[in-house]
Amino acid sequence: MATWVPRTDGGRPEGRCCAHGDQYDPPPAAADGGHECMAAGQRWVHLLVCLTCGHLGCCDSSPGAHATSHYEESGHPVAKSAEPGEEWAWCYADEVYLRQR
């Protein structure tokens, strides 16, 4: 099981914690990544995979912000970067960047 902890540069004041980082065995990302963007005729900047269900959505820098919409609809708090070579995650509930321990 993967454990995620706040990054020292987590974008929040020192001491910010995350109550959701220790509960994930990352599911496989959905094979149809970016489908919400493609259906809307939009391009994405960056994709994130939900660590609860594997939903693949675009980041807030993308026009659709589908990863955030997924969090708001599902309540699934943590999504990790789906980009090759990137090992970070974002906790929507605690608003902090995470790294794997």
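We start with Glu95, which sits in the loop between strand 5 and strand 6. Please keep in mind that this is a predicted model. The phi of Glu95 is positive, about 55 degrees, although Glu95 is not a glycine. As background, most residues other than glycine have a negative phi.

Strand 5 and strand 6, the latter covering residues 96–100, pair in the antiparallel sense over four bridges. Their hairpin has four residues between the strands. Across this pairing, Ala89 stands opposite Leu98 in strand 6.

Strand 5 also pairs with strand 4, residues 78–81; these two run antiparallel and are joined by three bridges. Here Ala79 has Trp90 of strand 5 as its bridge partner. The hairpin of strand 4 and strand 5 has six residues between the strands, and in that hairpin Gly85 takes a positive phi near 80 degrees.

Which residues cover the two faces of strand 5? Trp88 and Trp90 lie on one side, Ala89 and Cys91 on the other, and all four are buried.

Next, a second residue with a positive phi. Ala65 is not a glycine, and its phi is near 45 degrees. Ala65 belongs to the loop between strand 3, residues 56–58, and helix 2. Ala65 counts as buried because its relative accessible area is 18%, and the cut-off for buried is under 20%.

What does His66 touch, leaving out residues up to four places away in sequence? The list is Glu36, Cys37, Gln42, His55, Gly57 and Cys58.

Last, the chain as a whole. The protein chain has two helices and six strands, and from the N terminus the order is β-α-β-β-α-β-β-β. Of its 101 residues, 43% are buried. Among contacts with a separation of 6 or more, 51% are between residues 24 or more positions apart. The accessible surface comes to about 5,700 Å², and carbon and sulfur atoms account for 48% of that.

Methods. Residues numbered from 1 in each chain as written. Predicted model: local features only at pLDDT ≥ 70, side-chain atom pairs only at ≥ 80, totals over all residues. Heavy atoms only, no water. Buried < 20%, exposed > 50% of the residue type's maximum accessible area, 1.4 Å probe, protein only. Contact = heavy atoms within 4.5 Å. Areas by Shrake-Rupley, 256 points an atom, 1.4 Å probe, with all protein chains shown as cover. Pairing = 2+ DSSP bridges.
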